[in-house]
Amino acid sequence: MKKIDVVLGLQWGDEGKGKVVDVLTPEYKVIARFQGGPNAGHSLHFNGESYVLHTIPSGVFRPGTINIIGNGVVIDPVILCEEIARLEATGTDLSETLRISKKAHLILPTHRILDAASEAAKGKAKIGSTLKGIGPTYMDKTGRNGLRVGDILSPQFMERYERLKEKHLKMLSHYDYQYDITEYERQWFDGVEALRRFRFIDSEHVLNRYLADGVPVLAEGAQGALLDVDFGTYPFVTSSNTLSAGACTGLGVAPTRIGEVFGIFKAYCTRVGAGPFPTELLDATGERLRDVGKEFGATTGRPRRCGWLDLVALKYSVMLNGVTSLIMMKSDVMNGFDKVKVAVAYKTPEGVTSESPYEIGDSVEPVYREFDGWTEDISKIRSYDALPQTFRDYVEFIEAECGVPVKIISVGPDREETITR
């Protein structure tokens, strides 16, 4: 039986998963998203065009590839249908290549309002939600109240919808929050009807049949390992399991069926929204990384916080995910720095540690190792041996510390600006 490979982010999201999946897809027949929802923003660049995917797997631009939205994903019919319409306007035909799990949960209009009301009520303690209704939808899922894609086919669909909506309206009565869902609800039901033309599948059976038949499958994660609801920088995390283990529960495949785990990281660190960030640079260097790297959220447009690479956090992610191959993104953004730093440990009130602590607060101070930078423009280079020695020293130090090879290096946003070792 074939094993399913997994690709996921090792930091706080925005690592460049969309490009990597697009680059890897020629080796796979099936791409399957296993968690998250429209809070994801996977960017792809090729043939002079740019695309951002929120719910649809990133293999959609490779002809003949099957793209499955797995049971672990939460779906907003409005956003998904808008995404489908944008893709079909470019000539991308999804009618035969997109499949949706019947067990994927639906984001209701009232989920979005609950998200916004809850975040507003937190005031200064807000966690930086994307306000897409993700958290409330996962809460209904674990609370056993959720509405699923398969329910669309049921004669009791409207009854189930109204029951869940009524529950939400009662919850909203406890907030001092003004809202009107009339128009979005109309769009939502239009979206539900539009989705009926796609195949709703029992994705766990379909995927396991593919594996039994030797079909290569790639599981695509969203967000990043440091946003995992169990192991991320809680409570500033997402509402799902973003680790490789999430591919098992988010697609219905056994742990023994996991093969390669491709872990993606930027050559530096970024974070959107609130939460701890030990290596954050609140100076001209941080501004430079943001400007050169165009560090603005693909989904929210929010400016990303930027800082040096955090090896403590990266090694933690490598351990949790069982990473077999590292993929380093946005290397070209660091062109021209005289010196480049990497955090190799944290100073804490309890002493110096190279392990990620229970809480990362203001008292945690990074311990840096400094490297010589590289002045050459590496964006045109296509072989590892042609890269500057100082850059290779940087890569090989990361490999040695993590104990995992860096197999792919991205030197630009386009799918062709990629070095495979």
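Me: What does the radius of gyration say about the protein chain, with its 421 residues?

Reply: This is a predicted model. A compact globule of 421 residues would have a radius of gyration near 22 Å, and the protein chain has 21 Å, so the two agree. Along its principal axes, the C-alpha trace spans about 65 × 50 × 40 Å.

Me: How many helices and strands are in the protein chain?

Reply: The protein chain has 11 helices and 20 strands.

Me: What share of the contacts with a separation of 6 or more joins residues 24 or more positions apart?

Reply: In the protein chain, 77% of those contacts are between residues 24 or more positions apart. As for burial, 57% of the 421 residues count as buried.

Me: How should I read the surface and the charges?

Reply: The accessible surface of the protein chain is about 17,600 Å², and carbon and sulfur atoms account for 50% of that. There are 50 positive and 57 negative side chains, and the centres of these two sets are 3 Å apart.

Me: Why do the buried residues of H7 line one face of the helix?

Reply: The general idea comes from the helix itself. An α-helix has 3.6 residues a turn, so residues three or four places apart point the same way. In this structure, helix H7 covers residues 203-212, and its buried residues are Ser-203, Glu-204, Val-206, Leu-207 and Leu-211. Viewed down the axis of H7, these buried residues fall within an arc of 165°, so they line one face. After H7 comes Gly-214, which has a positive phi, near 80°.

Me: Let me try a single residue. Where does Glu-260 lie, and what is its relative accessible area?

Reply: Glu-260 belongs to strand S11, residues 258-266. Glu-260 is partly exposed because its value is 33%.

Me: Which residues does Glu-260 contact, leaving aside neighbours within four places in sequence?

Reply: With those neighbours left aside, Glu-260 is in contact with Ile-4, Asp-5, Val-6, Thr-324 and Ser-325. A C-alpha distance can also be read here: Glu-260 and Val-323 are 63 residues apart along the chain, yet their C-alpha atoms are separated by 7.5 Å.

Note on methods. Residues numbered from 1 in each chain as written. Predicted model: local features only at pLDDT ≥ 70, side-chain atom pairs only at ≥ 80, totals over all residues. Heavy atoms only, no water. Buried < 20%, exposed > 50% of the residue type's maximum accessible area, 1.4 Å probe, protein only. Helix = DSSP H or I, 4+ residues; strand = E, 2+ residues; numbered from the N terminus. Arc of directions from axis to C-beta. Rg over C-alpha atoms; globule rule 2.2 N^0.38 Å. Contact = heavy atoms within 4.5 Å. Areas by Shrake-Rupley, 256 points an atom, 1.4 Å probe, with all protein chains shown as cover. Lys, Arg positive; Asp, Glu negative; His and termini not counted. Charge placed at Lys NZ, Arg CZ, Asp CG, Glu CD.
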